[in-house]
Amino acid sequence: MTRTTEPMTDERQYWADWQRSWDRQQEWYLPDREERFRVMLDMVEAVAGTEPRVLDLACGTGSISERLLRRLPAAVSVGVDQDPALLAIGRGHFAREPRITFAVADLKDPDWTAHLPAGPYDAVVTATALHWLPTADLLRLYGDLAGLLRPGGVFLNADHMPEPGTPLLNAADQRHQQARQQRELAEGVLDWPSWWSAAAADPLLADQVAARTALYGDHADGDIHPAGWHADRLREAGFTEVGTVWRSVQDALVAAIR
(Lines give C-alpha, C1' and ligand atoms only; values in the text may rest on other atoms or scores of the structure.)
Protein backbone atom coordinates (compact mmCIF):
# COMPACT_ATOMS: atom_id res chain seq x y z
CA MET A 1 0.00 0.00 0.00
CA THR A 2 2.92 2.39 0.52
CA ARG A 3 3.11 5.14 -2.08
CA THR A 4 6.13 7.13 -3.18
CA THR A 5 6.25 10.88 -3.57
CA GLU A 6 5.67 10.54 -7.33
CA PRO A 7 2.44 12.16 -8.57
CA MET A 8 -0.60 9.92 -8.28
CA THR A 9 -2.33 9.09 -11.56
CA ASP A 10 -5.65 8.26 -9.90
CA GLU A 11 -6.43 9.71 -6.50
CA ARG A 12 -9.75 7.90 -6.30
CA GLN A 13 -8.01 4.57 -6.82
CA TYR A 14 -5.45 5.44 -4.18
CA TRP A 15 -8.07 5.97 -1.48
CA ALA A 16 -10.12 2.99 -2.67
CA ASP A 17 -7.01 0.81 -2.29
CA TRP A 18 -6.56 1.96 1.30
CA GLN A 19 -10.25 1.38 2.02
CA ARG A 20 -10.03 -2.18 0.69
CA SER A 21 -6.81 -2.74 2.60
CA TRP A 22 -8.51 -1.68 5.85
CA ASP A 23 -11.44 -4.00 5.15
CA ARG A 24 -9.13 -6.93 4.48
CA GLN A 25 -7.16 -6.32 7.67
CA GLN A 26 -10.40 -6.24 9.65
CA GLU A 27 -11.59 -9.45 7.99
CA TRP A 28 -8.45 -11.14 9.28
CA TYR A 29 -9.87 -10.66 12.76
CA LEU A 30 -13.55 -11.06 11.75
CA PRO A 31 -14.04 -13.60 8.95
CA ASP A 32 -17.83 -13.19 9.21
CA ARG A 33 -17.65 -9.38 9.04
CA GLU A 34 -19.73 -9.11 5.87
CA GLU A 35 -22.43 -11.33 7.33
CA ARG A 36 -22.85 -9.13 10.39
CA PHE A 37 -22.98 -6.08 8.14
CA ARG A 38 -25.68 -7.75 6.03
CA VAL A 39 -27.84 -8.49 9.06
CA MET A 40 -27.24 -4.99 10.42
CA LEU A 41 -28.46 -3.40 7.20
CA ASP A 42 -31.38 -5.83 7.04
CA MET A 43 -32.48 -4.40 10.38
CA VAL A 44 -31.90 -0.79 9.34
CA GLU A 45 -34.11 -1.30 6.29
CA ALA A 46 -36.72 -3.31 8.19
CA VAL A 47 -37.09 -0.74 10.96
CA ALA A 48 -36.24 2.56 9.25
CA GLY A 49 -37.19 1.94 5.61
CA THR A 50 -35.27 2.62 2.42
CA GLU A 51 -34.44 6.30 3.05
CA PRO A 52 -32.95 6.33 6.54
CA ARG A 53 -30.80 9.02 8.09
CA VAL A 54 -28.05 7.00 9.76
CA LEU A 55 -25.37 7.83 12.32
CA ASP A 56 -22.30 5.65 11.70
CA LEU A 57 -20.77 5.61 15.17
CA ALA A 58 -16.97 5.18 15.44
CA CYS A 59 -17.09 4.94 11.66
CA GLY A 60 -13.38 4.51 10.94
CA THR A 61 -12.95 4.59 7.17
CA GLY A 62 -16.71 4.36 6.61
CA SER A 63 -17.01 0.62 5.93
CA ILE A 64 -20.61 0.36 7.16
CA SER A 65 -21.66 3.55 5.37
CA GLU A 66 -20.22 2.29 2.10
CA ARG A 67 -22.39 -0.81 2.29
CA LEU A 68 -25.39 1.21 3.47
CA LEU A 69 -25.25 3.62 0.53
CA ARG A 70 -24.69 0.82 -1.96
CA ARG A 71 -27.72 -1.07 -0.64
CA LEU A 72 -30.03 1.89 0.02
CA PRO A 73 -29.29 4.63 -2.54
CA ALA A 74 -31.68 7.10 -0.88
CA ALA A 75 -30.02 6.77 2.54
CA VAL A 76 -27.77 9.44 4.04
CA SER A 77 -25.05 8.86 6.61
CA VAL A 78 -23.14 10.88 9.19
CA GLY A 79 -19.85 9.21 10.10
CA VAL A 80 -18.36 10.18 13.46
CA ASP A 81 -14.89 9.24 14.67
CA GLN A 82 -11.78 10.76 16.20
CA ASP A 83 -9.04 8.78 14.45
CA PRO A 84 -7.27 11.21 12.06
CA ALA A 85 -5.77 8.49 9.86
CA LEU A 86 -8.96 6.49 9.37
CA LEU A 87 -10.94 9.67 8.79
CA ALA A 88 -8.40 10.77 6.15
CA ILE A 89 -9.01 7.51 4.28
CA GLY A 90 -12.77 7.85 4.66
CA ARG A 91 -12.85 11.46 3.48
CA GLY A 92 -10.60 10.62 0.54
CA HIS A 93 -12.63 7.57 -0.43
CA PHE A 94 -15.97 9.41 -0.22
CA ALA A 95 -14.75 12.75 -1.56
CA ARG A 96 -17.27 12.69 -4.42
CA GLU A 97 -20.13 11.19 -2.38
CA PRO A 98 -22.68 13.81 -1.22
CA ARG A 99 -24.73 11.33 0.82
CA ILE A 100 -22.14 11.06 3.59
CA THR A 101 -20.60 13.66 5.88
CA PHE A 102 -17.98 13.18 8.59
CA ALA A 103 -17.78 14.66 12.08
CA VAL A 104 -14.86 14.56 14.50
CA ALA A 105 -15.78 13.74 18.08
CA ASP A 106 -14.42 11.81 21.06
CA LEU A 107 -17.08 9.39 22.32
CA LYS A 108 -15.58 9.69 25.80
CA ASP A 109 -16.40 13.41 25.82
CA PRO A 110 -19.80 14.01 27.47
CA ASP A 111 -20.38 16.79 24.93
CA TRP A 112 -19.55 14.70 21.85
CA THR A 113 -23.04 15.09 20.36
CA ALA A 114 -22.47 18.84 20.01
CA HIS A 115 -20.14 18.03 17.08
CA LEU A 116 -22.88 16.25 15.11
CA PRO A 117 -25.44 17.57 12.66
CA ALA A 118 -28.70 17.95 14.56
CA GLY A 119 -30.83 14.86 15.08
CA PRO A 120 -32.95 12.93 15.27
CA TYR A 121 -31.60 9.91 13.41
CA ASP A 122 -33.51 6.91 12.14
CA ALA A 123 -30.70 4.49 12.95
CA VAL A 124 -27.35 4.40 14.73
CA VAL A 125 -24.92 1.67 13.69
CA THR A 126 -21.52 0.61 15.00
CA ALA A 127 -19.27 -2.42 14.73
CA THR A 128 -16.26 -3.66 16.66
CA ALA A 129 -15.71 -0.31 18.31
CA LEU A 130 -17.50 0.19 21.61
CA HIS A 131 -15.40 -2.44 23.41
CA TRP A 132 -12.74 0.30 23.42
CA LEU A 133 -14.81 2.21 25.99
CA PRO A 134 -14.67 1.78 29.76
CA THR A 135 -18.01 0.76 31.22
CA ALA A 136 -18.84 4.19 32.66
CA ASP A 137 -18.35 5.86 29.27
CA LEU A 138 -20.38 3.18 27.51
CA LEU A 139 -23.32 3.61 29.89
CA ARG A 140 -23.34 7.37 29.37
CA LEU A 141 -23.09 6.83 25.60
CA TYR A 142 -26.13 4.54 25.60
CA GLY A 143 -28.15 7.30 27.21
CA ASP A 144 -26.86 9.78 24.63
CA LEU A 145 -27.92 7.49 21.78
CA ALA A 146 -31.43 7.14 23.14
CA GLY A 147 -31.68 10.92 22.90
CA LEU A 148 -30.34 11.02 19.33
CA LEU A 149 -32.75 8.48 17.86
CA ARG A 150 -36.31 9.26 16.85
CA PRO A 151 -39.03 7.25 18.59
CA GLY A 152 -39.09 3.87 16.83
CA GLY A 153 -35.53 4.28 15.57
CA VAL A 154 -32.97 1.50 15.94
CA PHE A 155 -29.51 1.20 17.46
CA LEU A 156 -27.32 -1.68 16.24
CA ASN A 157 -24.08 -2.68 17.94
CA ALA A 158 -21.96 -5.54 16.56
CA ASP A 159 -19.04 -6.28 18.84
CA HIS A 160 -17.12 -8.78 20.95
CA MET A 161 -19.68 -10.23 23.34
CA PRO A 162 -18.48 -13.68 24.46
CA GLU A 163 -20.74 -15.59 26.80
CA PRO A 164 -19.10 -16.40 30.15
CA GLY A 165 -21.16 -19.61 30.40
CA THR A 166 -19.51 -21.23 27.36
CA PRO A 167 -15.77 -21.26 28.14
CA LEU A 168 -15.10 -24.50 26.23
CA LEU A 169 -16.79 -23.21 23.08
CA ASN A 170 -15.03 -19.86 23.42
CA ALA A 171 -11.64 -21.54 23.75
CA ALA A 172 -12.28 -23.89 20.83
CA ASP A 173 -13.33 -21.01 18.60
CA GLN A 174 -10.28 -19.00 19.64
CA ARG A 175 -7.96 -21.88 18.70
CA HIS A 176 -9.73 -22.27 15.38
CA GLN A 177 -9.48 -18.57 14.56
CA GLN A 178 -5.81 -18.42 15.55
CA ALA A 179 -5.00 -21.31 13.20
CA ARG A 180 -6.82 -19.54 10.35
CA GLN A 181 -5.03 -16.29 11.08
CA GLN A 182 -1.64 -17.98 10.97
CA ARG A 183 -2.45 -19.42 7.55
CA GLU A 184 -3.53 -16.05 6.25
CA LEU A 185 -0.48 -14.28 7.66
CA ALA A 186 1.66 -16.73 5.72
CA GLU A 187 -0.29 -15.73 2.60
CA GLY A 188 0.57 -12.06 3.15
CA VAL A 189 -2.54 -10.70 4.90
CA LEU A 190 -1.74 -7.77 7.18
CA ASP A 191 -2.63 -7.83 10.86
CA TRP A 192 -3.28 -4.68 12.92
CA PRO A 193 0.37 -3.76 13.67
CA SER A 194 1.52 -4.48 10.12
CA TRP A 195 -1.30 -2.45 8.60
CA TRP A 196 -0.49 0.56 10.76
CA SER A 197 3.20 0.23 9.89
CA ALA A 198 2.28 0.33 6.21
CA ALA A 199 0.09 3.39 6.75
CA ALA A 200 2.87 5.16 8.67
CA ALA A 201 5.25 4.53 5.75
CA ASP A 202 2.91 6.19 3.25
CA PRO A 203 3.90 9.84 2.72
CA LEU A 204 0.27 10.96 2.43
CA LEU A 205 -0.80 9.24 5.67
CA ALA A 206 2.33 9.51 7.80
CA ASP A 207 1.30 12.75 9.53
CA GLN A 208 -2.19 11.45 10.31
CA VAL A 209 -0.79 8.19 11.70
CA ALA A 210 1.61 10.17 13.89
CA ALA A 211 -1.30 12.30 15.12
CA ARG A 212 -3.27 9.15 15.85
CA THR A 213 -0.40 7.69 17.87
CA ALA A 214 -0.15 10.90 19.88
CA LEU A 215 -3.91 10.82 20.47
CA TYR A 216 -4.36 7.19 21.45
CA GLY A 217 -0.97 5.82 22.42
CA ASP A 218 -1.03 2.04 22.57
CA HIS A 219 -4.24 0.38 21.41
CA ALA A 220 -6.11 -0.76 24.51
CA ASP A 221 -9.54 -2.31 24.88
CA GLY A 222 -12.03 -1.09 27.42
CA ASP A 223 -14.51 -3.47 29.05
CA ILE A 224 -16.15 -6.44 27.30
CA HIS A 225 -19.60 -7.65 28.33
CA PRO A 226 -21.98 -10.39 27.10
CA ALA A 227 -24.96 -9.54 24.93
CA GLY A 228 -27.42 -9.86 27.82
CA TRP A 229 -25.57 -7.20 29.77
CA HIS A 230 -25.82 -4.80 26.82
CA ALA A 231 -29.53 -5.55 26.46
CA ASP A 232 -30.19 -4.77 30.11
CA ARG A 233 -28.21 -1.54 30.02
CA LEU A 234 -29.95 -0.36 26.84
CA ARG A 235 -33.36 -0.91 28.40
CA GLU A 236 -32.24 1.08 31.42
CA ALA A 237 -31.11 3.85 29.04
CA GLY A 238 -34.64 4.18 27.66
CA PHE A 239 -34.84 1.74 24.75
CA THR A 240 -38.20 0.00 24.41
CA GLU A 241 -37.14 -3.39 23.05
CA VAL A 242 -33.72 -5.03 22.80
CA GLY A 243 -32.64 -8.35 21.32
CA THR A 244 -29.73 -10.25 19.78
CA VAL A 245 -30.30 -10.50 16.02
CA TRP A 246 -27.05 -12.25 15.06
CA ARG A 247 -24.19 -13.95 16.81
CA SER A 248 -21.14 -16.11 16.34
CA VAL A 249 -19.39 -17.92 19.19
CA GLN A 250 -17.75 -14.82 20.62
CA ASP A 251 -19.39 -11.87 18.83
CA ALA A 252 -22.97 -10.64 18.67
CA LEU A 253 -25.17 -7.99 17.06
CA VAL A 254 -27.56 -6.37 19.53
CA ALA A 255 -30.51 -4.36 18.21
CA ALA A 256 -32.40 -1.83 20.34
CA ILE A 257 -35.62 -0.04 19.37
CA ARG A 258 -36.08 3.44 20.72
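**Entry 1: glutamine 26**

I started with glutamine 26, which touches Arg33 and Trp192 once residues up to four places away in sequence are set aside. I was working in a predicted model, and I kept that in mind throughout. I then looked up where this glutamine sits: glutamine 26 belongs to helix α1, which covers residues 11–29. Is glutamine 26 buried or exposed? I found a relative accessibility of 12%, and buried means under 20%, so glutamine 26 counts as buried.

**Entry 2: the chain as a whole**

I noted 9 helices and 7 strands in its secondary structure. The radius of gyration is 18 Å, close to the 18 Å from the globule rule for 258 residues, so the chain is as compact as a globular protein of that length. I also wrote down the span of the C-alpha trace along its principal axes, about 55 × 45 × 35 Å.

How much of the chain is buried? I got 48% of the 258 residues. For the accessible surface I have about 11,900 Å², with 53% of it belonging to carbon and sulfur atoms. Among contacts between residues at least 6 apart in sequence, 74% join residues at least 24 apart. I looked at charges too: the chain has 25 positive and 38 negative ones, and their mean positions are 3 Å apart.

**Entry 3: confidence**

The mean pLDDT of the chain is 95, and 95% of its residues reach 70 or more. Residues 2–8 are another matter, as their pLDDT is below 50. In the model this stretch still has 11 contacts beyond near neighbours in sequence.

**Entry 4: helix α3**

Then I turned to helix α3, residues 63–71. I found α3 mostly covered, with 7 of its 9 residues buried. Which ones are they? My list reads Ser63, Ile64, Ser65, Glu66, Arg67, Leu68 and Leu69.

**Entry 5: glycine 153**

I followed strand β5, residues 149–160, to glycine 153. With a relative accessible area of 0%, glycine 153 is buried. What does glycine 153 contact, leaving aside neighbours within four places in sequence? I noted Val47, Asp122, Ala256, Ile257 and Arg258. I also took one distance: the C-alpha atoms of glycine 153 and leucine 234 are separated by 13 Å, and the two residues are 81 apart along the chain.

**Entry 6: backbone details in the loops**

Last, I went through the loops. The peptide bond from glycine 119 to proline 120 is cis, with omega near 5°. I placed proline 120 in the loop between β3 (100–104) and β4 (121–127).

Alanine 58 has a phi near 55°, a positive value in a residue other than glycine. I found alanine 58 in the loop between β1 (53–57) and α3, and its relative accessible area of 23% makes it partly exposed.

Threonine 128 also goes on my page: its phi is positive, about 50°, although it is not a glycine. Threonine 128 sits in the loop between β4 and α5 (135–148). At 18% relative accessibility, threonine 128 counts as buried.

How values were computed:
Residues are numbered from 1 along each chain as its sequence is written. This is a predicted model: local features need pLDDT of at least 70, side-chain atom pairs count only at pLDDT 80 or more; totals for chains, interfaces and linings use all residues. Side-chain values use heavy atoms; hydrogens and water are left out. Buried means under 20% relative accessible area, exposed over 50%, partly exposed in between (1.4 Å probe, protein chains only). Helices (H or I, at least four residues) and strands (E, at least two) are DSSP runs, numbered from the N terminus. The radius of gyration is taken over C-alpha atoms; the globule rule is 2.2 Å times the number of residues to the power 0.38. Contact means heavy atoms within 4.5 Å. Accessible areas come from the Shrake-Rupley method with a 1.4 Å probe; for residues, only the protein chains shown count as cover. Lys and Arg count as positive and Asp and Glu as negative; His and the chain ends are not counted. The place of a charge is taken as NZ of Lys, CZ of Arg, CG of Asp or CD of Glu. pLDDT is the predictor's confidence in each residue, from 0 to 100.
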